[in-house]
Amino acid sequence: MKLFGLRTKFSRPAALALSTILFGLTLWIYGDYSSDRHAENPRDKLMPTAGQMLTSMGKAIFRPNVIKEYDDDGELIPSNEPETLREAYEQGKLWNMLKNGEWQLWEDTMATGYRVFIAMIFILFGIFVGLYMGLFPVFDHLLYRFVLFFDKIPALALLPILFIVFGLGETAKIALIVIGVAPTIILDTYLRVKEIPNEHLTKGMTLRANSQEIVYKIVLPQIMPKVLDTIRLNFKAVILFLIAGEALAAEAGLGYRIFVVRRYMDMATIIPYVLWISLLAFLIDYFLRKWIQKKYVWLHQ
Amino acid sequence: MYGFTSDQMKNEEKNYILSLERAFQNYGEKNILNGINLKIRPGEFVTVVGPTGCGKSTTLRLFLGSEFPTSGKALYENRDITNCDRNRGVVFQKYSIFPHKTVRENVMFGLELETFGLFEPILNPFNFRRKRKEFVEEADQYLERVRLLEHADKYPNQLSGGQRQRTAIAQAMIMKPKILLMDEPFGALDEGTREEMQVFTLEQWEEHRQTVIFITHSLEEAIFMGSRLIVVSQFYKKENGEEGSKIVKDVSIPWMHPRSTEIKGTKEFVQLTEEIKYEGLDPNYLQEIGDFDLSHKDSVKKLSKM
């Protein structure tokens with residue numbers, strides 16, 4: 001059997017083995033290099049071991065941030081408040097801690113998730129803009145060039161303006177995502193609408209569809225799976241703009257955390273956080289893909 | 001023949017369901033139709049043939065209402081055609097049915113659109129469900145007639161070309177349009193399926209007797225199916241600067257419906273085919289406008305050139 005043939009067929013185990021090679025290799029090189037560095041300098045921060053990453057993630061997940069109080073001389077005021085779940089359990093304050101504690105990873109994920117959620121609502125609204133732009137000449141003339149122009153502005157270059165105009169709050173960060181991603185979604189929807197053969201509109205009219213029925217019963221259901229695919233692929237850009245916004249000004253968030261702990265070269269936190277963000281993005285992508293496949297059977301059969 | 005009084009003229013006019021009056025159609029600089037005059041009676045099966053690019057489909061779109069003549073008139077029941085509507089159903093060669101709907105949903109789609117508003121399922125769920133059940137039954141009757149009932153739950157991309165076109169015909173017919181416009185409906189089908197579909201379409205027409213305009217590039221198909229045959233062509237002797245197509249032949253086809261496919265082999269059939277091929281479709285044979293064979297009783301003859 002030729003390994004490099006154009007039509008070489010691999011058995012399932014062989015294909016799987018081939019797919020894991022690069023993952024395995026990366027992990028192995030990292031582990032090897034990391035343990036070498038730690039053998040030389042046990043306090044090495046640059047390439048934390050798996051154990052160190054687990055510890056710092058464990059802290060982020062299971063240990064709430066305790067606000068430490070200092071006296072006028074800068075001495076730490078000793079406090080009896082529990083710091084870990086076990087201490088809290090022993091003192092009978094577990095429920096209190098679960099309720100009031102600041103759980104770092106959870107808070108960060110929620111803060112980021114909230115921003116993504118709000119931004120996605122605006123981005124979904126872009127589908128309708130593209131839809132009407134593609135179908136009604138009046139919206140086409142009114143909006144097409146404008147959106148095209150906006151699409152060319154690098155959104156990151158607008159970030160200072162957004163911070164000046166909207167302040168450092170949530171608005172600026174959400175606006176950045178929307179400005180960065182919405183034009184792409186609008187233009188993509190627009191192109192999908194233009195791909196719909198004119199015969200379908202004619203046909204709809206001969207079956208007594210009015211223009212809104214043509215929009216919502218003929219065109220939208222046909223382009224929806226493709227538009228969802230575009231949103232899926234642009235999710236990466238959403239995360240990108242989000243992290244850029246959070247890096248500059250935020251109080252919580254996955255991107256914010258990475259940039260905060262960078263000051264202490266805390267790679268043991270950064271690496272698992274990056275993996276966590278990637279995992280979330282992957283899962284969202286995966287479920288959306290499965291959902292599209294399941295819901296739009298007519299497209300694939 | 002031209003001695004009508006104005007009253008007689010009016011009575012005559014009323015008998016035509018579709019007509020074109022000196023219809024010109026330009027696309028940019030290019031003139032496609034050069035003053036077409038055409039009158040069609042209800043119940044006629046009109047087949048239209050012509051060389052590539054002669055504007056057969058343009059003519060159909062004028063009747064459909066998806067395009068309007070640059071000058072002249074397109075009339076339905078003596079009123080200007082201003083839009084596509086439910087009285088003139090259409091079957092295209094491609095894209096006639098909606099890929100996101102099953103065969104049954106495609107067929108009942110027109111009934112739903114006609115009866116329900118956009119928010120009917122929310123505003124009036126009870127009525128929506130009851131009516132929908134009726135529509136399913138009606139659609140299934142049509143599907144049985146087009147022999148597709150067993151495929152009712154399939155999506156178009158699971159169907160063969162012939163099945164798709166049968167769905168399209170059922171989808172158009174369920175609206176009971178007065179006119180069925182067909183633009184090369186069987187152009188993409190193989191020979192066997194094509195003949196089957198010809199027979200099927202004629203059966204449907206004989207049952208309902210709606211007016212049919214049937215565009216095709218196959219002369220044999222046009223002669224076999226039509227009760228009236230029209231040849232549109234850009235090949236005739238033109239004056240300087242004149243451009244675009246005219247009706248160069250307009251004849252009634254002698255055989256009575258229902259027809260058997262066997263007539264395709266007869267001597268008369270072959271002879272008629274040859275004659276039309278020579279007079280109507282040969283780019284080297286240029287007739288004088290006055291010599292056109294417009295022998296059909298409804299054809300609009302002009303004695304003098306305008």
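Okay, a quick term before we start: two strands count as paired if DSSP finds at least two bridges between them. Keep that in mind, and remember that this is a predicted model.

So, chain B, where strand β3, residues 45–49, pairs with strand β8, residues 211–215. That pairing is parallel and runs over four bridges. If you want one spot to look at, find V48(B), which sits opposite I215(B) in β8(B).

Now zoom out. Those two strands belong to an open sheet of six in chain B, in the order β6-β7-β8-β3-β9-β10, and the pairing is mixed. Which strands stand at the edges? In chain B that's β6 and β10, the latter being 246–252; each has a single partner strand, so one side of each has no neighbour in the sheet. From one strand to the next, the twist averages 15 degrees.

Next, where the chains meet. The contact takes 19 residues from chain A and 24 from chain B. On the chain B side, β6 (88–91) and α3 (103–115) each supply at least two residues, and α3(B) gives the most, with four. By class, that side of chain B has twelve nonpolar, eight polar and four charged residues.

Last stop, chain A. Helix α10, residues 211–248, and helix α11, residues 254–262, have axes that come within 7 Å and cross at roughly 50 degrees, so α10(A) and α11(A) are oblique to each other. Their crossing is right-handed. On the α10(A) side you've got L242(A), I243(A), E246(A) and A247(A), meeting G255(A), Y256(A) and F259(A) in α11(A). That contact comes out as five nonpolar residues, one polar and one charged.

Conventions
Residues are numbered from 1 along each chain as its sequence is written. Chains are lettered from A and ligands numbered from 1 in the order in which they are written. This is a predicted model: local features need pLDDT of at least 70, side-chain atom pairs count only at pLDDT 80 or more; totals for chains, interfaces and linings use all residues. Two residues are in contact if their C-beta atoms, placed from the backbone, lie within 7 Å. Ala, Val, Leu, Ile, Met, Phe, Trp, Tyr, Cys and Pro count as nonpolar, Asp, Glu, Lys and Arg as charged, and the others, Gly among them, as polar. Axes are lines fitted to C-alpha atoms, for helices over the stretch in contact, and angles run from 0 to 180 degrees between N-to-C directions. Angles under 35 degrees count as roughly parallel, over 145 as roughly antiparallel, 65 to 115 as roughly perpendicular and the rest as oblique. A crossing is left-handed if the near helix is turned anticlockwise from the far one by less than a right angle, and right-handed if clockwise.
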